[in-house]
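Please keep the sequence and the model in view while reading.

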Amino acid sequence: MKKMMRIGALLLCMAMLMAGCSGKKDDETEAAVNAAETETKTEAAPVRGEYKASDYCTIKEYKNLKFSEKDISASDEDVQKEIDSLIEGATELKEIDEDREIKESDVVNIDFTGYLNDEAFEGGSGTGYDLEIGSGNFIPGFEDGLIGHKKGEDVSLNLTFPETYKNNEDLAGKDVVFKVKINSIQKYVTPEYTDKFVADNTSYDNIKDYEKSVREEIRENNLSQALADRLLNNATFTDKYPESLETYYKESYANNLDSYLQAYQGTTLDQYLKSQGVDLDTFLQQNVGEEMLLSMKEDLIVGAVAEQEGIRAEGEDYDSFVEEKESQYSMDREQLYKTYGEETVKFVYISEKVHNLIYNSIVIE
């Protein structure tokens, strides 16, 4: 299913219901989704509340919208970016077997200790550290000083810290010695872009089919974005938004952020806010205020169109939708409502119907 608009980009509970719209998730995204899903199972799902969308949003032009093929078609540059991304994702760091000297762009695995006045200084040592030569991650002279040396060598580097060194002002401008053990030399190996590579790393058998799919997907994304922008431009909003809708987004963003922090930083949202010395409302406004405002506008557009078209979450078609989700998530209706909230399930259904109504009427010139 093509996406008309984000409808709350960070609301993972809804994203789970609409997972069929997206492709494969990477490990981090999937873990975050799992964390958020666990959260929704233990706490009551936020609700949008009852309001009449047309009291807050007016939209008249939403069917038979015209777009130029030229404006939405994928450029060769955009396709190449996707190809480059695929190749980059398959690029591997491999140890060099040959007996050769270190050169620019190599990745060396090293043990090192820094000495100031013959004494090791704090923060100046490491073991098994992978350093890309030319990255500029270490102070001037360190990486260049390893060029020309080989695996297994011990190297002594006489260096001087920059006059301004914010990481440790006590070392600024000081002469030091780094003793380095070169454990191995590695380099990035970029695979050749061939039919076999495509078959091994995508769901397509050859370059032609893969690039055709990439071009089509980019076009669909361009059209979806253009459509979302057009609908927002065609809509008129009141100065105020439903209080219950604002509360819904604050709670939803907060819940998902709390789940993420617990999963990846071992802390809670409350603890994080205290460490930053900021309250929740201020934090949300500063970091996702525009995102929440846009999500509320999108919700209201969906609601306003649904009201005009008489679209409601009821009847046989809605029952079929729920049955599909029951099968997709191995849940009965009661479990589905408990996990994601009945209101959210119904809103996703309505959003899908509104999307299809608008999208299927588009005119491409």
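Which residues of E6 are on its covered face, and which are on the uncovered one? The structure is a predicted model, and in it the covered face of E6 is made up of Val 155, Leu 157 and Leu 159. The uncovered face holds Asp 154, Ser 156, Asn 158 and Thr 160. E6 runs antiparallel to E7, and seven bridges join the two strands.

Phe 161 and Phe 178 form a tilted aromatic pair, with ring centres 6.4 Å apart and 50 degrees between the planes. Phe 161 lies in the loop between strand E6 (154-160) and strand E7 (175-189), while Phe 178 is in strand E7, so the pair ties together parts that are 17 residues apart in sequence. Are these two residues buried or exposed? Both Phe 161 and Phe 178 are buried. The two also belong to a cluster linked by ring pairs, which includes Phe 112, Phe 121, Tyr 129, Phe 138, Phe 142 and Tyr 165 as well.

Across the whole structure, a search finds 23 aromatic pairs. Another of them is formed by Phe 237 and Tyr 241. Why does this pair count as tilted? The ring centres are 6.5 Å apart and the planes stand at 40 degrees, and planes between the 30 degrees limit for stacked and the 60 degrees limit for edge-to-face count as tilted.

Arg 48 lies over the face of Phe 347, at 3.8 Å from the ring centre. Arg 230 lies over the face of Phe 67, and here the distance to the ring centre is 4.2 Å.

Lys 150 is in the loop between helix H5 (142-146) and E6. With a relative accessible area of 27%, Lys 150 is partly exposed. Which residues does Lys 150 contact, leaving aside its neighbours within four places in sequence? They are Asp 99, Arg 100, Glu 101, Ile 182 and Ile 185. For Glu 101, the C-alpha atom lies 4.7 Å from that of Lys 150, although 49 residues separate the two in sequence.

Ala 45 is placed in the loop between helix H2 (27-42) and strand E1 (57-59). Its relative accessible area is 21%, and Ala 45 is therefore partly exposed. Beyond its neighbours within four places in sequence, Ala 45 is in contact with Tyr 340 and Gly 341. The C-alpha atoms of Ala 45 and Thr 344 are separated by 8.5 Å, and the two residues are 299 residues apart along the chain.

Thr 202 sits in the loop between helix H6 (195-201) and helix H7 (207-234). A polar atom of its side chain lies 2.7 Å from the backbone oxygen of Val 198. The side chain of Thr 202 also reaches the backbone nitrogen of Tyr 204, at 3.0 Å. Not counting residues up to four places away in sequence, Thr 202 touches Leu 86 and Tyr 210.

Two further loop residues have a positive phi without being glycine. In Asn 117, phi is near 55 degrees, and this residue lies in the loop between strand E4 (107-116) and strand E5 (119-132). Ser 330 has a phi of about 55 degrees and lies in the loop between helix H11 (315-329) and helix H12 (333-340). Are the two buried or exposed? Asn 117, at 65% relative accessibility, counts as exposed, and Ser 330, at 66%, also counts as exposed.

The view can now widen to the whole protein, which has 13 helices and nine strands. Of its 365 residues, 38% count as buried. Among contacts with a separation of 6 or more, 74% are between residues 24 or more positions apart. The protein exposes about 21200 Å², and carbon and sulfur atoms supply 43% of that area.

Definitions and conventions: Residues are numbered from 1 along each chain as its sequence is written. This is a predicted model: local features need pLDDT of at least 70, side-chain atom pairs count only at pLDDT 80 or more; totals for chains, interfaces and linings use all residues. Side-chain values use heavy atoms; hydrogens and water are left out. Helices (H or I, at least four residues) and strands (E, at least two) are DSSP runs, numbered from the N terminus. A polar contact is a pair of N or O atoms within 3.5 Å; within protein, one must be able to donate a hydrogen and the other to accept it, and residues adjacent in sequence count only if both atoms are side-chain atoms. Contact means heavy atoms within 4.5 Å. Rings of Phe, Tyr and Trp (its six-membered ring) pair if their centres lie within 6.5 Å; planes under 30 degrees apart count as stacked, over 60 as edge-to-face and the rest as tilted. Buried means under 20% relative accessible area, exposed over 50%, partly exposed in between (1.4 Å probe, protein chains only). A charge sits over a ring if NZ of Lys or CZ of Arg is within 6 Å of the ring centre and within 35 degrees of the ring normal. Accessible areas come from the Shrake-Rupley method with a 1.4 Å probe; for residues, only the protein chains shown count as cover. Two strands pair if DSSP finds at least two bridges between them.
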